[in-house]
Amino acid sequence: MSTTDTQQLTAKDLATDQDVRWCPGCGDYSILKQMQSTLAEAGIKKEDTVFVSGIGCSSRFPYYMDTYGMHSIHGRATAIASGLKATRPELSVWVITGDGDALSIGGNHLIHALRRNFDVNILLFNNEIYGLTKGQYSPTSPKGQVTKSTPMGSLDHPFNPLALAMGADATFIARSMDRDPKHMRAILQAADAHKGTSLIEVYQNCNVFNDGAFEVFTDKGTKPKHTIFLEEGEPLTFGDGREYGIRMNGMKPEVVKLGDFSKEDLWIHDSSDMGKALILTRMFDDPRKDNALPRPFGVFYQEDRYLYEDAMQGQIDRAKEIKGEGDLDQLIRGGHTWKVA
Amino acid sequence: MSSATEKKDDVTILFAGDSGDGMQLTGSLFTNTSAQFGNDISTFPNFPAEIRAPQGTVAGVSGFKLRFASMDIFTPGDEVEVMVAMNAAALKANLDQLKVGGTVIANTDGFDKKNLRLAKYNEEANPLLDESLDKFRVIEMDVTKMTRQALVDSGLGTKEIDRCKNMYVLGFLYWMYNRSLDNTEQFIKEKFAKKPEIRDANLRVLKAGYYFGDTNETFTTRYEVKSANLPSGEYRSIMGNQGTALGLIVAAQKAGLNLFYGSYPITPASDILHELARHKEFGVKTFQAEDEIAAICAAIGASYGGSLGVTASSGPGIALKGEAIGLAVMLELPLLIINVQRGGPSTGLPTKTEQSDLLQAMHGRNGEAPLVVIAPSSPSNCFETAIEAARISLEHMVPVMYLSDGFIANGSEPWRFPSAADIDAINPRFADAEKELDNGVYYPYRRDEDLVRSWATPGMKDLQHRVGGLEKDFETGNVSYDPENHERMVRIRKEKVEKIADYIPEQAIGQGDQKGDLLILGWGSTYGAIRTAVRELIAEGHAVSHAQVRYLSPFPKNLGELMEGFDQVLIPEINDGQLIQLINARYNKRALPLNKIKGMPFSAREIKEKAKELLAK
């Protein structure tokens, strides 16, 4: 092994010579930076890491990572990553996708990738808009959103991406935001550590076509009241001084004031609890509404399940065990032959 | 009792019945027995798209045509000599194929009032009773009744007993053609090893059918079709889809790669998936994807990772894969796309054959997206053509479209199989960091003299690079919107495909002289019918030759020159004229079309008639 292998990479080592071409002020810059520092910190090997993307602003991502990468076609990155991971289980494979790429044109591939559970990390940059095509509504845009293609407001009921992922039996579901670098690094690390398909939804601001879509969650003034950061084994608390908490009232989560209730009365976060995770993904109120529940961020759900690529290889190993290493002549001959003199 | 034996050179039998009557199995068993006996054989299964179409109706008829001969043959026969009709619908659906003087073996139980009504015969006009079959010899047997009698004490239920009916017919035909029961008995013993009562019932009915011929005095003549004078060697029977699957496995092994097969079930391509899934001991990874697009994209992912990535479908599925095929063209990765063609457009005729996706293969993508197109010509030829397709793809870093069709995919023939050692190794163009790093930089789109780039797969140190569907800079491989660069890259991708003509054989005349009055130029599955027609035309003294084009993109270098040796060129196709468009657009020679678009292959006679018409001019 050469000495370069053991040298600690820095975020800069993972950058390419290509100019980053996102609009100035785009949330994508922050995500790229956190990815570079997280992977450098994790001590990855550049040659064993692959970024696969589809089409959309976020999908330019692989060009800026000095690893292997493929900027593929719209919606199909998850399918391409599946074939790659099936044949090269030892690689670290990341899918970079957006709300249109993953949930509209690539919706079918996303749900099937989640249920199959390849060890692949999927980063879904959700900006609730089509940016690359200059501002049409997306499958996550709120109903009524006025865009170029919906001058009288969008008619579509939006997707709740994490609830969809729960429905597809994903084994790792998390949410983070471009404006909270520290949180994002922690989530990227957790996803990287998870064995199985990780889906990370990142709230990402498109400052050109949908500026401020998540401002209520990211702005210093409103963030404490409208967000709740999930920490394993800890009670769900939020507010400027963490003076509020979430309590389960039967099957319904409700906001309570600490003082009226003690911390022991609150919901304790347990990412292995599927029932709780289902409720957490449904904490999806429009923040403009009165009494809206705060929006959760963090790892919602995590489960150990067999990896597709392992099971696939397992069948090959088993076939070799039973039949022995394949013999081409035997294959070509087949079962019945006859001789002509 | 004694019976006379009449010698025959060539017999075509059609087994026809309800899709649940087991006609495909019956035909296959007769095929295997005849092949092992040493006849040359050619088969053509023809079944409805519905798994169990309404019983007794013409729509539900399933047929298996089998030709066996004491000479070498290339088609499943034009006219049927013996037809087994398990019911009235089977007779109705196929009577036009039976030659005058041919034999109908009719299961009388299938001609009762209900069956006549379902087959839309006038109830009062039973064809077995009126004069409508006067031109034929009719053998009536109440197969149902005799099968039930044979198994009266078997303890089986009526439903299970009736499932043995096909064995009765098979046994009778074995008697008629002097065939041994051994092969089929062996098959039954293996197949029903775990169900002894079903095994015994099938064996008993098979013999009952045989003895019926032997003891019944109405049958005075048996036939004998001697073994064919095939080249000496060891043979097996092979179906086209099977040949394709085996070829893929061999190709991957010969290239030292793992085979990844991404596919979505579709008729008539699914049997390739089934066959490959059985051979995991060769490291074959089969992936049944969520849709056609995912199937090809997963194959592209596998190719990017250094496997032999293959996807297969039929026309509608290939249409869905179009964008991803374009991506593979842009990425310049090896990829095999198999299209087992069927009748189109849209859902078309799923179980019927057609050659109507040639222009889709050539042009069915956005942008200028050239690739290699190659077509096997017979069931056994699928094997070597699949290997050839993989070789071109891996050695030239280019997607290859392989155009099989329903006719050869499901047809079978004897195959003098090669030894694995006689198949050449395939040399993938893997990148080598030592050679390719230029001042520490890897340029993924630098090319050799054949315009082939190198294959750097993840895990190769210092060769990290990014590829994608956006246009590439000629030198660096980075995204480029430069107008000059785009035109240059479009031309390079085309030239790369054209240069492959230096690595494929020149077009040969398969039969006949290099010059003459008429060249019949075919591609794909029309091979057998054209070959038979040309053999007969030559025997009759005509100056006719046959060439079957395997390489459709790029064409063999000498193709234009070869056509110049003939006064006329005829191109028969199972479509409305696709190869002819390519030929007439490219070469000076004006070829003439012969088209059939009925979901059925050509008969040799159809080609011969057209050739004679041209020769008379």
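In strand 4 of chain B, B:Ala69 is the bridge partner of B:Asp10. The model described here is predicted. The pairing to which this bridge belongs joins strand 2 (residues 10–18) of chain B to strand 4 (residues 61–69) of chain B; the two run antiparallel and are connected by nine bridges. In chain B, an open sheet of six strands has the order 3-4-2-5-6-7, and its pairing is mixed. The edges are formed by strand 3 (40–46) and strand 7 (137–141) of chain B, each of which has a single partner strand, so one side of each is left without a neighbour in the sheet. On average, and with direction ignored, neighbouring strands of this sheet are turned by 15° against each other.

Chain B also contains a packed pair of helices. Helix 6 (residues 165–176) of chain B packs against helix 8 (residues 196–215) of chain B at an angle of about 40°, and the axes are 7 Å apart. The two helices are therefore oblique to each other, and helix 6 of chain B passes helix 8 of chain B in a right-handed crossing. On the side of helix 6 of chain B, the contact is made by residues including B:Met167, B:Leu170, B:Phe172 and B:Trp175. Helix 8 of chain B contributes, among others, B:Val205, B:Leu206, B:Tyr210 and B:Phe212. Of the residues in this contact between helix 6 and helix 8 of chain B, 13 are nonpolar, four polar and two charged.

Chain A has 12 helices and 12 strands. Of its 341 residues, 46% count as buried. Its C-alpha atoms fill a box of roughly 95 × 50 × 45 Å along the principal axes. Among the contacts in chain A with a separation of 6 or more, 65% are between residues 24 or more positions apart.

Strand 4 (residues 120–126) of chain A is mostly covered, with seven of its seven residues buried. A:Val120, A:Ile122, A:Leu124 and A:Asn126 point one way from this strand, while A:Asn121, A:Leu123 and A:Phe125 point the other way. Strand 4 of chain A pairs in the parallel sense with strand 3 (residues 92–98) of chain A over six bridges, and A:Asn121 in strand 4 stands opposite A:Trp94. Strand 4 of chain A is also joined by six bridges to strand 6 (residues 198–203) of chain A, again in parallel. Here A:Leu123 has A:Ile200 of strand 6 of chain A as its bridge partner.

Between the chains, 59 residues of chain B are in contact with 50 residues of chain A. The elements that give two or more residues to the chain B side include helix 1 (23–37), strand 9 (233–239), helix 9 (240–254) and helix 12 (315–331) of chain B. Helix 11 of chain B gives the most to this side, with nine residues. By residue class, the side of chain B that touches chain A divides into 28 nonpolar, 21 polar and 10 charged residues. Strand pairing also links the two chains: strand 12 (residues 338–340) of chain A and strand 9 of chain B are antiparallel and share three bridges. Within strand 9 of chain B, B:Glu234 is the bridge partner of A:Lys339.

Terms used:
Residues are numbered from 1 along each chain as its sequence is written. Chains are lettered from A and ligands numbered from 1 in the order in which they are written. This is a predicted model: local features need pLDDT of at least 70, side-chain atom pairs count only at pLDDT 80 or more; totals for chains, interfaces and linings use all residues. A residue is buried if 20 or more other C-beta atoms lie within 10 Å of its own, exposed if 12 or fewer, and partly exposed in between; C-beta atoms are placed from the backbone. Helices (H or I, at least four residues) and strands (E, at least two) are DSSP runs, numbered from the N terminus. Two strands pair if DSSP finds at least two bridges between them. Axes are lines fitted to C-alpha atoms, for helices over the stretch in contact, and angles run from 0 to 180 degrees between N-to-C directions. Angles under 35 degrees count as roughly parallel, over 145 as roughly antiparallel, 65 to 115 as roughly perpendicular and the rest as oblique. A crossing is left-handed if the near helix is turned anticlockwise from the far one by less than a right angle, and right-handed if clockwise. Two residues are in contact if their C-beta atoms, placed from the backbone, lie within 7 Å. Ala, Val, Leu, Ile, Met, Phe, Trp, Tyr, Cys and Pro count as nonpolar, Asp, Glu, Lys and Arg as charged, and the others, Gly among them, as polar.
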